[in-house]
Amino acid sequence: GRRRIERFSGYSECFVPQEWCEGWKKKKEGGWAKEAGRKCQYRDTVLEGLAVWLVEGKSEEGFVERMRKEGLGAESYEDIARYLGKRVEWGGLEANRLVMEYGKMGRE
């Protein structure tokens, strides 16, 4: 399916903040620019890691509770995608909830 995250919340190939992704370079005037010929070192790492974590049921309760607080249901793929793609300030970075949830793995 199509990768959906809010603008400025990460790179759609890997979902991590552009600040972490080697495929991007900070512009002198601010913001980020995709670097020609450079590939993302995190492609699918965050998405697959979180999926495995949830399938194994290791963090499902907290994840589901955070979704419910947003009025979303963990049974709906559309709601899960909407929740994970939302832009957040987390750890001093502009990121998305997918990265935030990945970062919470093992800490709940």
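Mentor: One term before we start: a residue is buried when its relative accessible area is under 20%, and exposed when it is over 50%. Also keep in mind that this is a predicted model.

Trainee: Okay. Is Cys21 buried or exposed, then?
Mentor: Cys21 has a relative accessibility of 3%, so it counts as buried.

Trainee: How many disulfides does the structure hold?
Mentor: The count is 0. Recall that a disulfide is a covalent bond between the sulfur atoms of two cysteines. The cut-off here is a sulfur pair within 2.5 Å.

Trainee: Switching to the core. Which residues touch the most other members of the largest nonpolar core?
Mentor: Cys21, Phe63 and Tyr83, out of 22 residues in that core. The elements giving it two or more residues are α1, α2, α3 and α4. Helix α1 supplies the largest share, 4 residues. As background, nonpolar side chains in soluble globular proteins tend to be buried together.

Trainee: Which residues of α1 are buried?
Mentor: Helix α1 runs over residues 45-55, and its buried residues are Val46, Leu50, Trp53 and Leu54. They span an arc of only 95 degrees around the axis, so they sit on the same side of α1.

Trainee: What does the face turned away from that side carry?
Mentor: Glu48 and Val55, both exposed.

Trainee: What do the buried residues of α1 pack against?
Mentor: Three helices: α2 (60-69), α3 (77-85) and α4 (97-104).

Trainee: New topic, rings. How many aromatic pairs are there?
Mentor: There are 2. Take Tyr11 and Trp24: their ring centres are 5.2 Å apart and the planes stand at 75 degrees, so that pair is edge-to-face. Tyr11 lies in the segment before β1 (24-26) and Trp24 in strand β1, so to speak of sequence, they are 13 residues apart and the pair links distant parts of the chain.

Trainee: What else does Phe63 touch?
Mentor: Beyond residues up to four places away in sequence, Phe63 touches Leu54, Ile80, Tyr83, Leu84 and Glu101.

Trainee: Which side chain does Glu101 make a polar contact with?
Mentor: That of Arg66, at 2.6 Å. Apart from neighbours within four places in sequence, Glu101 is in contact with Leu50, Phe63, Arg66, Tyr83 and Leu84. Its C-alpha is 9.3 Å from that of Val46, 55 residues apart along the chain.

Trainee: What about Arg97?
Mentor: Arg97 also lies in α4. At 10% relative accessibility, Arg97 counts as buried. Its side chain makes a polar contact with the side chain of Glu70, at 3.2 Å. Among its contacts beyond four places in sequence are Tyr83, Leu84 and Val88.

Trainee: Last one, backbone. What is the phi of Phe15?
Mentor: Positive, about 75 degrees, although Phe15 is not a glycine. Most residues other than glycine have a negative phi. Phe15 lies in the segment before β1. It is buried, with a relative accessible area of 6%.

Key
Residues are numbered from 1 along each chain as its sequence is written. This is a predicted model: local features need pLDDT of at least 70, side-chain atom pairs count only at pLDDT 80 or more; totals for chains, interfaces and linings use all residues. Side-chain values use heavy atoms; hydrogens and water are left out. Buried means under 20% relative accessible area, exposed over 50%, partly exposed in between (1.4 Å probe, protein chains only). The arc is that of the directions from the helix axis to the C-beta atoms. Contact means heavy atoms within 4.5 Å. Rings of Phe, Tyr and Trp (its six-membered ring) pair if their centres lie within 6.5 Å; planes under 30 degrees apart count as stacked, over 60 as edge-to-face and the rest as tilted. A nonpolar core is a set of buried Ala, Val, Leu, Ile, Met, Phe, Trp, Tyr and Cys residues joined through side-chain atoms within 4.5 Å. A polar contact is a pair of N or O atoms within 3.5 Å; within protein, one must be able to donate a hydrogen and the other to accept it, and residues adjacent in sequence count only if both atoms are side-chain atoms.
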